Amino acid sequence: MRFKIFLLIFCCTFFYESRACDICGCSNGNAFFGILPQSHRGFLGLRYRYSNFDSHLNSQLLKTKESFHTTELWGRFYPLKKVQILAFVPYNFNAQTQILPNITNTIQGLGDITILGHYNVLNTFWDSTAHQVNHNLMLGLGVKAPTGKFKYDQNSVEEVANPNFQLGTGSTDFLVNAIYTVRYDQWGLNTDITYKINTENSNQYRYGNKLTTALTAFYAKGFGQGNTLMPNAGVYWEYAQNDHDKGIINKDTGGYWASANIGCEAFFKKFSFGVTHQMPFAQELSRGELKANARTTAHITFMF
């Protein structure tokens with residue numbers, strides 16, 4: 001009798017794990033660029049991004065915490081006056097801790113490399129003395145290469161059986177982006193919109209397409225010789241469609257997340273550094289089973 005009860009509990013637990021294992025934060029979907037360093041100069045720098053999640057909120061047995069750390073080499077150069085190329089090379093460290101029992105899985109390594117090209121449709125900043133209000137509009141297309149390891153085996157006991165807990169997506173994905181900046185005197189407004197189109201990988205898994213938008217107000221205050229301090233604040237919103245596994249919709253994925261952002265950028269002659277903190281105020285992820293916590297981004301960048 002005891003054996004039958006044990007077997008029943010084991011089977012129910014196993015079934016629930018297999019159904020809900022896709023509920024997890026995702027390190028592969030962030031497309032938030034923030035306020036980029038001075039728009040007329042190329043740069044090369046390091047950017048650090050941190051996010052963490054609580055998952056399986058309605059289950060004491062499966063409750064899990066995930067953290068995602070990314071150190072990213074990023075750069076920009078101008079092959080033509082009106083064309084800028086952005087490149088992002090991330091190195092990820094992911095940790096997943098199941099509360100009961102207290103077991104932590106970690107993976108680290110190269111993530112998915114992204115290259116994004118913009119065409120400067122409008123830029124009055126090149127001759128800013130002739131205008132009271134200056135505008136800059138850039139339209140871009142990008143590609144994300146499957147350079148990060150993707151090894152998703154739901155039946156494996158050695159790998160983390162979760163497609164969202166991976167170093168990369170295993171797929172070649174595409175980005176459409178628009179960045180608009182308007183500035184009057186020392187005040188300005190930056191708008192960033194990105195739509196990410198995901199394709200199916202070799203495991204027949206396709207992440208849901210994602211839309212991200214950000215609206216940031218800033219104030220530029222000069223100090224010293226040619227130095228600028230730029231405090232900023234704004235809002236950020238992202239929406240992800242459901243993932244597909246072998247053509248079947250995974251309803252335990254997707255949703256929206258909104259945050260209030262606060263940060264500061266400091267620009268000097270040859271380098272800049274900055275930090276942005278995102279505090280969530282509304283979200284509905286994985287049908288309420290996933291909670292995304294605050295995110296932080298910081299960078300140090302050398303300009304040329």
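A salt bridge is a side-chain nitrogen of Lys or Arg within 4 Å of a carboxyl oxygen of Asp or Glu. With that in mind, a search of the whole structure, which is a predicted model, finds 10 salt bridges.

Arg295 sits in strand E18 (residues 295-303), 57 residues away from Glu238 in strand E12. Glu238 counts as buried because its relative accessible area is 8%, and Lys210 is likewise buried at 14%. Arg295 is buried too.

Elsewhere, the side chains of Asp245 and Lys246 meet in a salt bridge at 3.8 Å, N to O. Lys246 counts as exposed, with a relative accessibility of 55%. Salt bridges that share partners also join Asp112, Lys144, Asp173 and Lys196 into one network.

Turning to a loop, Asn201 is found between strand E8 (187-197) and strand E9 (205-206). Asn201 is buried, its relative accessible area being 5%. A polar atom of the Asn201 side chain lies 2.9 Å from the backbone nitrogen of Asn203. Beyond its neighbours within four places in sequence, Asn201 is in contact with Phe150, Thr169, Gly170 and Ser171.

As for the protein as a whole, it has 1 helix and 18 strands, and 45% of its 304 residues count as buried.

Methods:
Residues numbered from 1 in each chain as written. Predicted model: local features only at pLDDT ≥ 70, side-chain atom pairs only at ≥ 80, totals over all residues. Heavy atoms only, no water. Helix = DSSP H or I, 4+ residues; strand = E, 2+ residues; numbered from the N terminus. Buried < 20%, exposed > 50% of the residue type's maximum accessible area, 1.4 Å probe, protein only. Polar contact = N/O pair within 3.5 Å; in protein donor to acceptor, adjacent residues only side chain to side chain. Contact = heavy atoms within 4.5 Å.
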